[in-house]
Amino acid sequence: MSYTKLEKEIEKYYKQNNLTFYHNALNETKEAQELRLKKYNEVRDLIVKKWIEEKKYPELISCAHGGWFKYEEFEKPLEDYFVKENLISYLKFLCERKIRFRIEDMLSCLKHLEEDVPKISKERIINYTIETIDDASKYHSFESSVKYRIKSLNLLDKYIALLKNTTETSYINTIETIREKVNNLSIKKSDLNAIKFKI
């Protein structure tokens with residue numbers, strides 16, 4: 001819904017400035033497409049700046065959660081802004097969701113892996129590399145467990161780095177504990193209750 005609102009704001013800007021919003025990409029050169037995308041991003045950033053000034057933070061976070069734009073272009077600037085302005089509630093709401101979803105993906109894959117390979121050890125998953133391929137590695141649940149563990153750890157590392165620019169000492173400790181549990185695969189779904197912040 002918020003993405004639709006953002007698109008309408010962008011389209012409105014185009015009309016007010018006598019610019020063409022809709023294009024037929026099939027009839028454009030690669031150079032023309034690149035210029036059009038560059039202009040679109042410029043207008044989007046103007047609208048985002050306006051929304052920030054109007055404190056439309058939930059709407060911006062909803063757009064980020066939808067994954068419509070590149071992380072570096074949309075979500076990262078929001079993260080940095082919330083840290084700079086000490087808007088920790090909005091930072092939590094922005095960041096926790098993706099982390100929680102990736103950990104839940106990992107837990108689901110681990111459950112399937114235990115069904116596929118009952119005697120699989122956590123150490124084999126933690127220490128897995130391309131050079132240590134074995135019978136368990138042929139299972140999709142094994143590869144997915146490894147993949148989502150790595151993705152979860154990467155997201156947690158980025159989040160912890162952001163939080164260290166705040167005074168949220170107790171909360172940082174909570175996130176670091178979750179990271180340790182993801183790292184050693186001792187995390188439980190109940191642990192994720194600590195990262196379900198809503199506004």
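Tutor: Let's start with a term: buried means under 20% relative accessible area, exposed means over 50%, and partly exposed lies in between, with a 1.4 Å probe and protein chains only. This is a predicted model, where local features need pLDDT of at least 70, side-chain atom pairs count only at pLDDT 80 or more, and totals for chains, interfaces and linings use all residues. Residues are numbered from 1 along each chain as its sequence is written, and side-chain values use heavy atoms, leaving out hydrogens and water.

Student: Why is Ile99 called buried?

Tutor: Ile99 has a relative accessible area of 4%, and the cut-off for buried is under 20%, so Ile99 is buried. Ile99 lies in helix α5, helices being DSSP runs of H or I with at least four residues, numbered from the N terminus.

Student: What separates the C-alpha atoms of Ile99 and Leu156?

Tutor: The distance is 6.8 Å, although Ile99 and Leu156 are 57 residues apart along the chain.

Student: Why is Lys111 called exposed?

Tutor: Its relative accessible area is 55%, and exposed means over 50%, so Lys111 is exposed.

Student: What makes the contact of Asp45 and Arg44 a salt bridge?

Tutor: A salt bridge needs a side-chain nitrogen of Lys or Arg within 4 Å of a carboxyl oxygen of Asp or Glu. For Asp45 and Arg44 the N to O distance is 3.0 Å, so the pair counts as a salt bridge. Arg44 is buried at 2%, whereas Asp45 is partly exposed at 38%.

Student: Which residue in helix α4 pairs with Arg44 in helix α2?

Tutor: Glu73 forms a salt bridge with Arg44, at 3.4 Å from N to O. The pair links distant parts of the chain, from helix α4 (residues 71–84) to helix α2 (residues 30–53), 29 residues apart.

Student: How many salt bridges does the structure hold?

Tutor: Twelve.

How values were computed
Helices (H or I, at least four residues) and strands (E, at least two) are DSSP runs, numbered from the N terminus.
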